[in-house]
Amino acid sequence: MVADDARARYDTDLRLARPFIFCLLFDDTAMLDLFDKIEDACKKIRSEFSKTPKVGIILGTGLGGLAEQIEVEASFEYGDIPHFPTSTATSHRGRLVCGQLAGVPVVAMEGRFHQYEGYPLKQITLPVRVFKALGAELLVVSNACGGLNPYFSNGDIMVIEDQINLMGDNPLIGVNDDRLGPRFPDMCEPYDQQWIDRTMELARRESIPIHKGVFVAVTGPNLETRAEYRFLRMIGADVVGMSTVPETIVAVHCGLKVVGLSVITDMCLPDALKPADVNEIIATANAAAPKLETLVRGIVSEAGQIRIA
């Protein structure tokens with residue numbers, strides 16, 4: 001009898017709590033407060049940087065050195081920008097740099113945010129919307145990733161030509177704010193084909209070996225099992241990482257052109273797998289950084305010479 005009464009109380013409590021649990025997991029109003037948050041962040045940045053950036057840049061694991069090439073006119077710790085989260089990932093500096101690169105006004109994130117840090121995707125991708133609101137027309141996003149394609153090697157660079165979202169979430173879920181973008185953005189070309197071609201040509205001119213391929217995003221923070229690597233390769237992925245896809249979805253939603261660059265820092269071949277070493281991954285990314293910096297600088301230079309939109 002006691003057990004039956006306890007079960008009945010549990011069922012009643014669960015039934016009453018279910019709508020609240022659903023709201024916590026799927027806040028369908030979350031997009032509606034983004035506009036004001038974007039305005040708050042832009043106001044802070046414009047208080048010290050009045051230029052209109054042409055390009056927004058996101059620098060991933062071990063790739064923050066490019067920020068040193070920017071003629072810095074203003075910089076902000078993420079914690080000083082309204083509504084920006086704090087980066088906790090290894091080797092992510094956590095600073096927004098504003099200035100000139102190759103004579104072109106840019107804003108660059110020296111370190112990004114990840115879903116595995118506990119942040120919702122709408123907050124992770126807020127900087128992309130801030131870039132757009134500041135006037136940027138092109139987003140250059142970089143990452144360190146694991147290589148699934150057996151023809152790739154550690155230290156190689158891949159231009160992303162398509163993506164697969166296996167993160168179990170989407171930053172566009174919720175009531176759409178039409179001021180920020182359309183309800184159903186088309187994703188037939190998330191990475192702009194003209195910019196892919198320009199990047200490949202730039203790499204050839206600079207004698208930088210480069211690949212094109214598909215990036216798959218997973219949540220992390222653990223790396224994948226051998227069975228998961230086999231599955232990811234089977235569904236068409238060339239590399240795997242824990243970022244980039246949410247930012248690209250939001251960039252497409254708000255009308256930014258996107259160039260994606262992946263540095264392969266470890267090979268994920270299931271029949272020749274060894275334990276990953278984070279220090280080795282960061283060292284490989286650092287070693288490849290000069291090639292990446294050359295490409296990003298060239299992309300930014302070209303962006304300053306042409307009309308993007």
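User: In E9, which residue is the bridge partner of Cys-145?
Analyst: This is a predicted model, where local features need pLDDT of at least 70, side-chain atom pairs count only at pLDDT 80 or more, and totals for chains, interfaces and linings use all residues. Residues are numbered from 1 along each chain as its sequence is written, and side-chain values use heavy atoms, with hydrogens and water left out. E5 and strand E9 (residues 257-267) pair in the parallel sense over 10 bridges; strands (E, at least two residues) and helices (H or I, at least four) are DSSP runs numbered from the N terminus, and two strands pair if DSSP finds at least two bridges between them. In E9, the partner of Cys-145 is Ile-264.

User: In which sense do E5 and strand E8 pair, parallel or antiparallel?
Analyst: Gly-147 stands opposite Val-239 in E8. Two bridges join E5 and E8 (residues 239-241), and the sense is antiparallel.

User: How many residues of strand E5 are buried?
Analyst: Buried means under 20% relative accessible area, exposed over 50%, partly exposed in between (1.4 Å probe, protein chains only). Strand E5 spans residues 138-147 and is largely enclosed by the rest of the structure, because the buried count is 10 of the 10.

User: Is Thr-244 buried or exposed?
Analyst: Thr-244 is found in the loop between E8 and helix H7 (245-254). Its phi is positive, about 75°, although Thr-244 is not a glycine. Most residues other than glycine have a negative phi. With a relative accessible area of 0%, Thr-244 is buried.
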